[in-house]
Protein chains: 2
Amino acid sequence: MAPSEPNAPRFVQQGEVPEFAEERPGWGGYIEWERYPEKKKKAAEILAKYDFPVPPEYQLAPLPETNPMLEGVRWKYYHYAMGPTLKDLPDISWKYVKEEKSPDMLHVLQFPYNGEPPRVGARTCRTEITDNKDFFVRNHGGIPEIDEDAYFIELEGLVNNPQKLTLKDLKDESKFKRMSTTVTLQCSGTRRLEQIREYPGDGDELINAPWSEGAIGTARWTGVSLKKVIKYCGGLKDGATDVEFFGADSYFKKGQIYNYAVSVPVRKMKLNEVILAWEMNGKPLPKIHGYPLRVVVPGYIGARSCKWLTRINVISGPSMAPVQMKEYLYYTPQIGKQNATYSNGFSIQTMPVASAIMTPIDHDQIIHDGKIKLTGWAYSGSGWPERVEISGDGGSIWYEVPFDQMSRKYYHAWRVWEYELPVDAEGWLEFCVRTWDSSMNTQPTYVRSAWNWDLHVTSSCHRIKIYSINKSRPATAKRLKLLEEKGLSILPITRPLAIELETDEEWLEVWRKKQGREPTE
Amino acid sequence: MAPSEPNAPRFVQQGEVPEFAEERPGWGGYIEWERYPEKKKKAAEILAKYDFPVPPEYQLAPLPETNPMLEGVRWKYYHYAMGPTLKDLPDISWKYVKEEKSPDMLHVLQFPYNGEPPRVGARTCRTEITDNKDFFVRNHGGIPEIDEDAYFIELEGLVNNPQKLTLKDLKDESKFKRMSTTVTLQCSGTRRLEQIREYPGDGDELINAPWSEGAIGTARWTGVSLKKVIKYCGGLKDGATDVEFFGADSYFKKGQIYNYAVSVPVRKMKLNEVILAWEMNGKPLPKIHGYPLRVVVPGYIGARSCKWLTRINVISGPSMAPVQMKEYLYYTPQIGKQNATYSNGFSIQTMPVASAIMTPIDHDQIIHDGKIKLTGWAYSGSGWPERVEISGDGGSIWYEVPFDQMSRKYYHAWRVWEYELPVDAEGWLEFCVRTWDSSMNTQPTYVRSAWNWDLHVTSSCHRIKIYSINKSRPATAKRLKLLEEKGLSILPITRPLAIELETDEEWLEVWRKKQGREPTE
């Protein structure tokens with residue numbers, strides 16, 4: 001693989017190669033850290049020996065035009081430093097990218113793998129269901145390789161009867177009612193690129209990847225409701241407020257190692273809005289999406305939908321694990337590196353109303369005859385998208401997308417839409433979209449309106465710049481015809497026109513009619 | 001020299017090497033084209049044999065980080081194609097860049113040479129007079145090498161007594177009263193980079209170079225008023241409306257070759273506002289600035305201040321030469337490649353009110369204790385800058401720069417200014433400047449307000465993004481102290497903070513005071 005950080009120093013082992021064995025047979029790449037404080041301490045001591053390379057500057061300098069855009073050398077080296085159980089995970093994970101994802105994915109970060117479908121052709125939302133191969137991936141560590149037969153979860157904490165449950169148990173319809181539901185998952189980094197372009201922000205240690213509009217996707221998930229599983233465990237004990245999930249992946253933060261862990265409120269689980277899923281669009285979960293079992297939390301930031309689930313722990317208060325407590329925080333615009341704490345950010349759970357134009361693409365130059373077709377998506381984590389509005393002039397005049405040009409309503413999914421926008425004007429135009437949800441919430445106007453230090457939740461009206469060439473206008477039709485006759489193209493617009501724009505005689509005629517450049521008295 | 005277009009094809013001579021001799025001894029690199037239509041025709045036939053490389057895409061793709069930013073291969077090849085008299089001009093011109101300009105100039109275009117002083121240290125406007133070495137250069141062709149002793153100008157057209165005048169004649173104070181005056185010259189491409197970043201535009205054959213705020217400078221010019229010279233030639237004939245200037249440089253446009261030629265209205269000349277200058281800040285004109293004699297037209301676009309002057313021709317109507325008629329046109333925003341003509345643009349002469357912040361620089365991250373010092377320039381071609389206003393919040397609250405922090409008033413020059421802006425807020429702020437001139441004209445609000453296809457005259461309020469770190473605030477002071485103790489820097493802000501932002505105990509205390517993340521009922 002071609003590294004995007006060619007100048008990164010080579011990894012050099014510091015001291016003896018550590019031995020952190022896999023926790024269980026049939027669970028490749030899974031080290032249990034949370035149950036063994038001594039092991040965590042030892043790992044931290046090893047990490048402290050290293051001076052890991054800093055992530056490359058990509059916010060104050062132009063993004064590399066490579067694919068992957070960012071390599072994640074630092075994160076790879078964390079894994080190399082942990083010895084044989086983790087050192088191959090960067091390569092293994094990349095192998096699954098090749099096997100399970102479309103070959104033309106936009107690899108935003110190679111490791112931990114972060115990727116979204118390419119913008120051309122609106123692959124994110126051609127249909128209301130996103131193809132598994134095109135579904136965005138935002139992993140936080142390597143991909144564990146788990147045998148379904150060796151697989152089980154532990155359910156513990158503030159429940160009356162803690163249990164171990166195999167996948168076979170969960171699939172046993174005599175024990176658990178099976179459910180299938182259509183759910184959109186969205187990374188809170190969606191459209192981060194716009195925040196980066198406007199103002200750089202936190203170069204988080206787990207690189208705040210420069211996502212565009214494709215860090216969102218919709219699938220039909222099949223599994224069981226966590227509510228039923230909790231009930232099977234005898235229900236909750238007093239004081240239970242949150243449910244914590246642990247993944248088999250290792251997570252690094254500020255020199256410490258953890259298993260990936262997050263939590264959701266008990267209240268969410270009680271609404272049957274936490275699913276333990278083993279199928280994605282009628283197929284077993286891809287490895288890269290959490291095989292054999294993951295959590296799916298509708299309406300919430302994707303980070304709560306823990307993959308490669310190992311353990312469910314019912315607790316009092318939210319998880320103090322770093323992904324929950326120290327990541328995915330939403331700050332007021334004046335908070336930054338000089339004054340950010342964990343507690344002055346608001347933990348992102350339910351996602352706000354949002355939308356994007358997927359075609360055309362920003363900076364497209366379009367020859368049309370008075371109408372330009374747009375496609376896109378609209379989503380709201382706390383309701384459903386009820387109305388989509390399009391503007392061709394940066395947000396003064398709005399056109400409503402007719403309901404029959406929007407996909408069906410779901411409680412927990414986006415609606416994809418298409419619209420033929422009347423476009424008379426030529427030159428650079430600003431198209432934008434906004435969505436109103438079932439609570440009449442809509443989107444902030446500009447990126448600036450909602451910029452935040454961690455560059456999360458770019459929910460402002462999505463704006464693109466389009467160069468309009470309207471061939472229903474006579475002067476334009478004439479120019480296009482002339483270019484065609486000469487075998488020249490008008491595209492790209494920045495390529496010099498090799499022909500004269502008018503004759504001296506034409507110029508003089510206009511010049512006379514205009515009374516010259518200056519008055520005569 | 002390191003080319004910035006490494007993939008450009010090599011120049012290959014088509015047919016026989018042409019022989020276009022120099023017009024006069026002692027006038028190196030000067031071919032007279034305008035007096036010999038047959039020679040122009042022959043040159044056009046030669047040019048037609050070539051398929052010159054197109055300029056590199058630099059508007060729809062990130063600008064190269066090289067210096068020179070753009071090389072101008074196409075323009076070099078035009079000169080190579082014309083045979084021995086012009087083929088060495090790219091190298092000769094670059095030699096004068098090295099000899100006459102500061103070594104750290106920002107070389108926007110290597111050939112024809114376009115350059116401005118670097119942004120660091122506000123070299124453009126440290127003082128109201130710009131050092132000759134730092135003065136921007138916007139050439140349209142190669143630099144002719146002219147012996148002062150062989151030098152003369154011809155004055156002809158609608159004057160009663162056409163004359164040849166040597167430099168000695170012009171310097172003869174018994175014939176011509178000598179004048180010295182302080183004049184700002186500005187390229188209409190100043191701050192074009194902002195228009196490019198907002199929306200790409202015309203990739204003009206003579207590359208619309210990506211200037212920033214330094215394509216402006218002020219000098220004290222010494223010479224004679226053209227009005228006196230015209231009088232010496234017996235005054236104007238009936239019908240005279242414009243005065244045309246020819247330079248010794250060769251200019252290429254759409255497959256034709258010309259001498260550089262422009263014009264100004266007779267009315268401007270009559271105000272004593274056209275100077276024939278041989279001194280720049282008390283020194284003979286540098287070669288790169290038009291030695292031995294150039295025109296200086298106060299208040300007008302720099303392009304009218306013709307260098308290496310060969311001839312003055314009084315005419316009826318403006319010059320039909322391409323620089324006057326086909327370049328430097330100002331279009332309404334909906335005009336572009338599909339419908340631009342020469343006559344639907346307005347020829348740029350007098351420059352509008354404009355200003356720029358020179359320090360700090362866009363994207364600077366500044367540690368301060370409640371005040372940030374700004375410096376910059378303010379200019380108006382049709383009057384003088386009377387008031388400069390600074391905003392620290394993108395244009396809601398404006399602070400007036402006190403008059404004693406602005407340089408003196410001139411009729412024809414900028415004012416440089418400095419100001420200590422009160423800054424309380426932290427994080428990304430938008431600083432902007434606007435100027436009001438003596439006619440109470442001020443600047444458009446946004447780049448978008450005045451975007452135009454040729455990307456000229458970026459006169460909108462100049463805006464920069466500044467990351468403010470206010471150490472008079474306790475939380476910030478505490479964080480800076482902590483970083484200092486650990487030997488860490490807060491800069492650049494995008495580099496991950498390697499320390500914990502707060503302890504678990506601090507987090508829990510705030511969490512309790514906030515009543516947790518969610519309500520309990």
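**Entry 1: salt bridges.** I started with the charged pairs, and between chain B and chain A I count two salt bridges. I keep in mind that this is a predicted model. I looked up one pair, E500(A) and K326(B), whose side chains meet in a salt bridge at 3.0 Å, N to O.

**Entry 2: polar contacts.** Next I checked polar contacts across the interface of chain B and chain A, and the rule gives 48 residue pairs, both partners at pLDDT 80 or more.

**Entry 3: who supplies the surface.** Which elements of chain B each give at least two residues to the side touching chain A? I noted helix 6 (192-198), strand 17 (346-347), strand 24 (427-437), strand 25 (462-470), helix 10 (474-485) and helix 11 (504-513). Helix 11 of chain B gives the most, with five residues. By type, I sorted this side of chain B into 34 nonpolar, 22 polar and 21 charged residues.

**Entry 4: area.** I then asked how much is buried between the two chains, and it comes to about 6800 Å², with carbon and sulfur atoms giving 55%. K337(B), Q338(B) and R517(B) supply 13% of the area chain B buries against chain A, more than any other three residues. The contact takes 77 residues from chain B and 77 residues from chain A.

**Entry 5: symmetry.** I superposed chain B on chain A: a rotation of 180° with 0.0 Å of shift along its axis does it, RMSD 0.0 Å. So I wrote down a two-fold axis, since that is the relation it describes. Both copies use the same surface, as 100% of the contact residues of chain B recur in chain A. Which residue of chain B comes closest to the rotation axis? I found P62(B), with its C-alpha at 3.6 Å.

Methods: Residues are numbered from 1 along each chain as its sequence is written. Chains are lettered from A and ligands numbered from 1 in the order in which they are written. This is a predicted model: local features need pLDDT of at least 70, side-chain atom pairs count only at pLDDT 80 or more; totals for chains, interfaces and linings use all residues. Side-chain values use heavy atoms; hydrogens and water are left out. Contact means heavy atoms within 4.5 Å. Buried area is the accessible area (1.4 Å probe) that two parts lose on being put together, summed over both. A salt bridge is a side-chain nitrogen of Lys or Arg within 4 Å of a carboxyl oxygen of Asp or Glu. A polar contact is a pair of N or O atoms within 3.5 Å; within protein, one must be able to donate a hydrogen and the other to accept it, and residues adjacent in sequence count only if both atoms are side-chain atoms. Helices (H or I, at least four residues) and strands (E, at least two) are DSSP runs, numbered from the N terminus. Ala, Val, Leu, Ile, Met, Phe, Trp, Tyr, Cys and Pro count as nonpolar, Asp, Glu, Lys and Arg as charged, and the others, Gly among them, as polar. Copies are superposed by least squares on the C-alpha atoms of residues with pLDDT of at least 70 in both.
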